[in-house]
Amino acid sequence: QVQLVESGGGLVQAGGSLRLSCAASGRTFSRYGMGWFRQAPGKEREFVAGVKWSNGNTYYTDSVKGRFTISRDIAKNTVYLQMNSLKPEDTAVYYCAASWVANYRGSRREGDYDYWGQGTQVTVSS
């Protein structure tokens, strides 16, 4: 069993920044990667960023490259998403997820993730 808890969401003006955290606990020792997804009302859940746990390699969807940075803290068993230059289009509920897919390289498929957090709301005003 794995528990994922997101935090750090909130309301921010366009151009501002937020830092999301995802704290993991439980049986996580064998996982291969962690990802961030987001879901806006009426839309399907969308891959945002991923990190391979073993070596820290990162992966991003094109719309956030250069603005968002995913990172991990092994000692704290936590993954972060630093979001800069936020746009109204970034407004969504953000979820972190854990993957046990071998050779993880930032999968965009929801089915490649086994555990999900409850989500944290990010609202960017114009």
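1. Cys 22 is buried, with a relative accessible area of 0%, where buried means under 20% relative accessible area, exposed means over 50% and partly exposed lies in between, taken with a 1.4 Å probe and protein chains only. Cys 22 is found in strand β3 (residues 18–26); strands (E, at least two residues) and helices (H or I, at least four) are DSSP runs, numbered from the N terminus. Leaving aside residues up to four places away in sequence, Cys 22 touches Leu 4, Val 5, Glu 6, Met 34, Trp 36, Asn 77, Thr 78, Val 79 and Cys 96, a contact being heavy atoms within 4.5 Å. From Cys 22 to Ser 125 there are 103 residues in sequence and 24 Å in space, C-alpha to C-alpha.

2. On the basis of these values: this is a predicted model, in which local features need pLDDT of at least 70 and side-chain atom pairs count only at pLDDT 80 or more, while totals for chains, interfaces and linings use all residues. Residues are numbered from 1 along each chain as its sequence is written, and side-chain values use heavy atoms, with hydrogens and water left out.

3. The structure holds six salt bridges, a salt bridge being a side-chain nitrogen of Lys or Arg within 4 Å of a carboxyl oxygen of Asp or Glu. One of them joins the side chains of Asp 90 and Arg 38 at 2.9 Å, N to O. This pair links distant parts of the chain, since Asp 90 sits in the loop between β8 (78–83) and β9 (92–99) and Arg 38 in strand β4 (residues 33–39), 52 residues apart. Both Asp 90 and Arg 38 are buried.

4. Asp 90 also forms a salt bridge with Arg 67, at 2.8 Å, N to O. Arg 67 lies in the loop between β6 (58–60) and β7 (68–73) and Asp 90 in the loop between β8 and β9, so this pair ties together parts that are 23 residues apart in sequence. Arg 67 is buried, as is Asp 90. Taken with Glu 46, the residues Arg 38, Arg 67 and Asp 90 are linked in a network of salt bridges.

5. Another salt bridge brings together the side chains of Arg 45 and Glu 110 (2.6 Å, N to O). Here too distant parts of the chain are linked, with Arg 45 in the loop between β4 and β5 (46–52) and Glu 110 in the loop between β9 and β10 (115–116), 65 residues apart. Arg 45 is partly exposed, with a relative accessible area of 25%, and Glu 110 is partly exposed with a value of 32%.

6. Strand β2 (residues 10–13) runs parallel to β11 and is joined to it by four bridges, two strands being paired if DSSP finds at least two bridges between them. Gly 10 has Val 122 of β11 as its bridge partner. Strands β9 and β11 run antiparallel and are joined by three bridges, and Val 93 stands opposite Gln 121 in β11.

7. Two backbone angles deserve a look. Ser 85, in the loop between β8 and β9, has a phi near 50°, a positive value in a residue other than glycine, and Ser 85 is partly exposed, with a relative accessible area of 40%. Asn 103, which is found in the loop between β9 and β10, has a positive phi of about 55° although it is not a glycine.
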